[in-house]
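Please read them beside the structure.

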Amino acid sequence: MAHTSSTELDREYRETLLRLARDVIFHGLREGDRLTVDPAQYDESLKKEGASFVTLTEQGDLRGCIGTLQPYQPLVADVAEHAYAAAFRDPRFPPVSEDELDMIEISVSVLGEPEEIVVSDEEDLCRQLVPGVDGVILEYGSLRGTFLPSVWETLPDCATFVRHLKQKAGLAPDFWADGIRAYRYRTESFSETGN
């Protein structure tokens with residue numbers, strides 16, 4: 001039996017999910033609905049429950065990003081659902097058109113389990129975060145927002161990162177209260193450019 005390295009498996013796993021995301025968008029453009037995915041047709045690692053975000057960019061600008069923080073379905077189904085939603089249902093953007101398809105770059109982020117961070121204030125939160133590595137969730141009551149680790153590329157200063165995240169969650173940028181809960185998570189992220 002031939003030995004397959006984990007690097008080869010990782011590359012194959014990544015390529016499969018990226019190809020699936022593009023197929024879903026292509027199908028959506030041609031058929032007007034989401035491609036049905038049968039998890040049984042995929043490798044065991046892709047059939048396990050997983051949480052993902054699919055991000056679309058066009059010439060470096062965000063074009064759509066949809067995902068979930070908690071796993072509730074097989075990873076292949078999750079990526080398919082969020083690829084379709086990022087292309088056609090992100091309320092911030094019009095649906096992707098066929099003219100754009102060749103210009104769209106797809107990135108997939110598979111999320112690890114969120115870990116709660118006990119923090120006393122915003123400075124304490126920034127002391128505990130690892131910029132460029134940690135994805136962050138902030139919750140206050142029914143309000144919640146998250147930034148993937150890739151957001152650090154555009155908001156490298158932690159205080160600015162947290163202020164923007166609070167706004168995304170529906171909070172004032174200078175708001176802080178004892179009821180705020182913070183979580184961090186790591187992602188395995190990959191894109192069609194090989195990152």
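1. A disulfide is taken here as a pair of cysteine sulfur atoms within 2.5 Å. The structure holds one, joining Cys126 to Cys158 with an S to S distance of 2.2 Å, and the link is left-handed, at -95° about the S-S bond. Because Cys126 lies in helix α4 (residues 122-128) and Cys158 in helix α5 (residues 158-168), the pair ties together parts that are 32 residues apart in sequence. Cys65 is in no disulfide, the nearest cysteine sulfur, that of Cys158, being 20 Å away.

2. This is a predicted model, in which local features need pLDDT of at least 70 and side-chain atom pairs count only at pLDDT 80 or more, while totals for chains, interfaces and linings use all residues. Residues are numbered from 1 along each chain as its sequence is written, and side-chain values use heavy atoms, without hydrogens and water.

3. Helices (H or I, at least four residues) and strands (E, at least two) are DSSP runs, numbered from the N terminus, and two strands pair if DSSP finds at least two bridges between them. Four strands form an open, antiparallel sheet in the order β2-β1-β3-β8. β2 (61-67) and β8 (187-191) each have a single partner strand, so one side of each is left without a neighbour in the sheet. Six bridges join β1 (residues 51-58) to β2, and Phe53 stands opposite Gly67 in β2.

4. In helix α3, 13 of the 14 residues are buried, that is, under 20% relative accessible area, with exposed meaning over 50% and partly exposed in between (1.4 Å probe, protein chains only).
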